[in-house]
Amino acid sequence: GGLGSLVLPFLLPLARGRCIFSHTPISASTSCPPIAPNFSKLKPWVVSTLRPRHRREAVRSPGGMSLDSDSSSQGGDRRSFRQITRDRLLFEMLRSTRKDSKSAWKVLIMDKFTVKIMSYSCKMADITEEGVSLVEDLYKRRQPLPSLDAIYFIQPTKENVVMFLSDMSGRSPLYKKAYVFFSSPIQKDLVAQIKRDSSILPRIGALSEMNLEYFPIDSQGFITDHERALEELFCESAEGFNKYNACLNAMATRISTVFASMREFPRVHYRIAKTIDASTMTTLRDMVPTKIAAGVWNYLSKYKTSIPEFPQTETCELLIVDRSVDQIAPIIHEWTYDAMCHDLLCMDGNKYVHEVSSKNGSASEKKEVLLEDHDPVWLELRHSHIADASERLHDKMTHFVSKNKAAQLQQARAGGELSTRDLQKMVQALPQYTDQIDKLSLHVEIAGKLNVIIREQCLRDVGQLEQDLVFGDAGTKELINFFRTQLGVSRENKLRLLMIYAAINPEKFESDKGTKMMQLAGLSADDMIAVTNMRCLCTDTKKSSGGGFTLKFDVQKKKHAHRKERTTEQSAWALSRFYPVLEELIEQLSKGELPKDEYNCMNDPSPSFHVVPTTTSTSARTSPAHSMRSRRTGGSWARPRGSDDGYSSDSVLKHASSDFQKHGQRIFVFVIGGATRSELRAAHKLSSKLKREVILGSSSLDDPLQFITKLKMMSAEELTLDDLHI
C-alpha cells in the first residue's frame, strides 16, 4: 500500500458481503479538531469547506497526553504535522457527523486511495471510538443497511460519484443518510450531476471538501504516492504522453492539500529550468518544478477565498525541487540506524519480521513489529550512527542489569564481562520485566543483524570509497583498484559505486570508457541502464555531436571534489561526512540566501512577512580548525561517546510534540522524483538547529534499491510496478 505505513487495513470479507478493517495497528498521532457546520439543509446547493471550531477543546492522544487545540499566532496549527492530519480525519470528518445524525453507529465507505490516507494516520480503534462500526470498500458489493447513516470519504472522481449515486438514489437506498467528504476539490459538473437527482437531496447530511490527499510517513514527512513520477515526468518519452500532465496535476493538488490542512500560506520557491547554452532547448522535464509550483500556487490562491480562516498573508516557506539537485543521496550508503534497517534488512515498509520464542517454549514463531514513532527506543536511535546505536543499546542493557538484583546475581554466576547478547538473554529470563525489555531486546537483535551484514558485505570499505569519491579523496585509479581487488563485494554495491562515479565524472561515460568500467565491475547491460538513465534527471543534459549524450549532472562541478567538507560540523563517527544537498538548500532558504539565478519565487513577500532569524549562535557553529574527517582505526568505528541512562528514550515521546510549540515559521520542502532517508533525517536535524519545523514531502520515499529499479523502469516499458519490489 505505501512506503511509510506498514500494515494497511485490509478489507476482510465477512458473511453477507460485509467488510471490516483488520485490527492490526497502523500508526497513531494526535492533533487539533476542527468541526464542520450543519450541512443537512443544503440550501443553496454548494460544496463547502469545513470550518474550524473557535472554542478550545482538549484532545486526548492515544498515549494519554492532553493537547490543546489552539493554534499559534505565527500562522498555522503549531502541533506536529502528523497530529493535525490525524485529528482532521477523526474530528473534522468523523465526529462532525454526530451533531446532525440520529444514528449512534455509522458505516465508513472509502475508495482504494482514501483508505490508504486513513491508514497512514489512524488506528481502527480510533475510528471505532468515533462511532464507526463498519468500514466498507466503495467498489465491493455491500449489504443494504437502511437503518444506519453512512460516511463517504472518497476522491471526487466521476466513477466515485456514480457509485455514490447508485448507493443512495431510488426508492431503496443502501443507507439512511449520507455524509460525503471529498479528499480534494470537486468539479462543478459533478456537483450538478448530484443535484440533478431529486431523490438523493434529502438523504445527504453533508457534502464537503476535506482537502486532504497526502500520506504522512513521519512526524515531519509526507508523500503524494506517485511511485512512477520518475518514469512519467523525466524519461525522454514522457513529453508525448498524457501521463505527464496527469501526474503534474495530481501532484500539485495533493501538495496543496497539505497547506489546507495545516492552514499555512507559503511563499512558493522553486528551482528554475536551466540549460547549458542558448542553443539548448528547454524540455518539459526541465520545467517540472516550475509547473508544479504554478499548480500549487493556483490552488493556494483559491484556498484564500474558499477556505474559512485560511491565511491571507504568507506564514511559511515552500521549496520545490526535483531529484536532479542531488543524484548521489538516493544511492550512497547512509550509516544511520534508520537508513541501515531499510537498506540492508528485508523490511516491508516499516514492518520488521523476527522470530521469538513461543509461549509454551516448544518452538519459535514469527512476529511482526512496526518501527515507528510509538517505539521510544526507535525514536531515540533512528537518526544515530549504527555504531553509536549499537553502543547505546549495550549501555542500556548494562544499565538495566546494574539496577536489577536478580540480573546481578546471574551475572555473578556467569563471571567476567558479558556481551550484549548475553545481557539480552539474561534480562529475558526475568518475566516481571518482559514488557519493559521487549523493545530493547528487539533493537539489540536488529543492530546485531546489521553489524553482521556490514561485516559480511565489506560495507565499511565500500562506504569509505563512496565518501572518498564524493569529497575528492579518491578517483578513477582507486575505483579500478577496488573493483580488481575486492572480489567479495556484491554486484549491487559495485553498481552503486559506479553510479556515484558517473555522477561525479560524467565525461568518463562519453565514450567506451564507461563500458570498460562496467565490464571491470562485472555488471550487466541491465545494470548499465540505471547509470545511463541518470541523464534523464539532469536538466543540463546536452546531446553530443557524436549522437550519444553527455552526462552533465553538475555544470559547476569542481575538478576533484563533488561536495565540500562541512567545517562547521564534526562527528565522532567514521563515514559520517556525507550530507544531502537538500540540507544546504534548507539552511539557505531559512536565511533568505537561495541563489537567485537558480531559484524563483511565485509570490513576492507581503509587507507583514519576514524571515525568522535562526537562533544558532556563532559559538555553536564554531568547530576546531583541524580536518573533520574521521578515518577508521583498527577494528573500531571511531572513538566512543558517552551514553545516556537506560531509560532516556522514554522521555523522547513525551517531548516530541511539545518541541514544536517553541519553533518559528515552518519550512516545507518537496522533492519531485523521490526523497531519501538522509533527507528526512536532515529535516529533523535542521528543525532543532534552526528552531523551525522542517517538513519534507516527496512523490515517494525511496531506499537505494527502489530508486535504482525506478531508474531502470524509465526505459523499460515491459516492466510493471510489481518489479519495484516495494
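Helices here are DSSP runs of H or I with at least four residues, strands are runs of E with at least two, and both are numbered from the N terminus. Counted that way, the protein has 24 helices and 21 strands. Keep in mind that you're looking at a predicted model.

Start with the whole thing. Of the 726 residues in the protein, 57% are buried. Now look at who touches whom: if you take the contacts between residues at least 6 apart in sequence, 79% of them join residues at least 24 apart.

Next, some helix packing. Find helix α1, residues 81–94, and helix α7, residues 242–262. Their axes are 10 Å apart, and the two pack at an angle of about 85°. Angles from 65 to 115 degrees count as roughly perpendicular, so α1 is roughly perpendicular to α7. On the α1 side the contact uses Phe81, Ile84 and Arg88, while α7 brings Val258, Ser261 and Met262. Sorted by class, that's 4 nonpolar residues, 1 polar and 1 charged.

While you're on α7, look for Ala250, which sits in this helix. Is Ala250 buried or partly exposed? With a relative accessible area of 23%, Ala250 is partly exposed.

Now go to the loop between α7 and β13 (266–271), where you'll find Arg263. Most residues other than glycine have a negative phi. Arg263 isn't a glycine, but its phi is positive, about 55°. Arg263 has a relative accessible area of 15%, and buried means under 20%, so this arginine counts as buried.

Cys458 lies in the loop between α14 (434–456) and α15 (459–470). Its phi is near 55°, again a positive value in a residue other than glycine. Cys458 has 23% relative accessibility, so it counts as partly exposed.

Move along to helix α17, residues 491–504, and helix α19, residues 525–532. These pack at about 30°, with axes 10 Å apart. Because angles under 35 degrees count as roughly parallel, α17 and α19 are roughly parallel to each other. The crossing of α17 past α19 is right-handed. Which residues in α17 meet α19? They are Arg491, Leu495, Leu498, Met499 and Ala502, and they face Asp527, Met528, Ala530 and Val531 in α19. This contact has 7 nonpolar residues, no polar ones and 2 charged ones.

Finish with helix α20, residues 581–590, and helix α23, residues 677–690. Their axes come within 10 Å and cross at roughly 30°. Here, too, the crossing is right-handed, with α20 passing α23. From α20, the contact takes in Leu582, Glu583, Ile586, Glu587 and Ser590, and from α23 it takes in Glu679, Ala682, Lys685, Leu686, Lys689 and Leu690. How do these residues divide by class? The tally is 5 nonpolar, 1 polar and 5 charged.

Note on methods: Residues are numbered from 1 along each chain as its sequence is written. This is a predicted model: local features need pLDDT of at least 70, side-chain atom pairs count only at pLDDT 80 or more; totals for chains, interfaces and linings use all residues. Side-chain values use heavy atoms; hydrogens and water are left out. Axes are lines fitted to C-alpha atoms, for helices over the stretch in contact, and angles run from 0 to 180 degrees between N-to-C directions. Angles under 35 degrees count as roughly parallel, over 145 as roughly antiparallel, 65 to 115 as roughly perpendicular and the rest as oblique. A crossing is left-handed if the near helix is turned anticlockwise from the far one by less than a right angle, and right-handed if clockwise. Contact means heavy atoms within 4.5 Å. Ala, Val, Leu, Ile, Met, Phe, Trp, Tyr, Cys and Pro count as nonpolar, Asp, Glu, Lys and Arg as charged, and the others, Gly among them, as polar. Buried means under 20% relative accessible area, exposed over 50%, partly exposed in between (1.4 Å probe, protein chains only).
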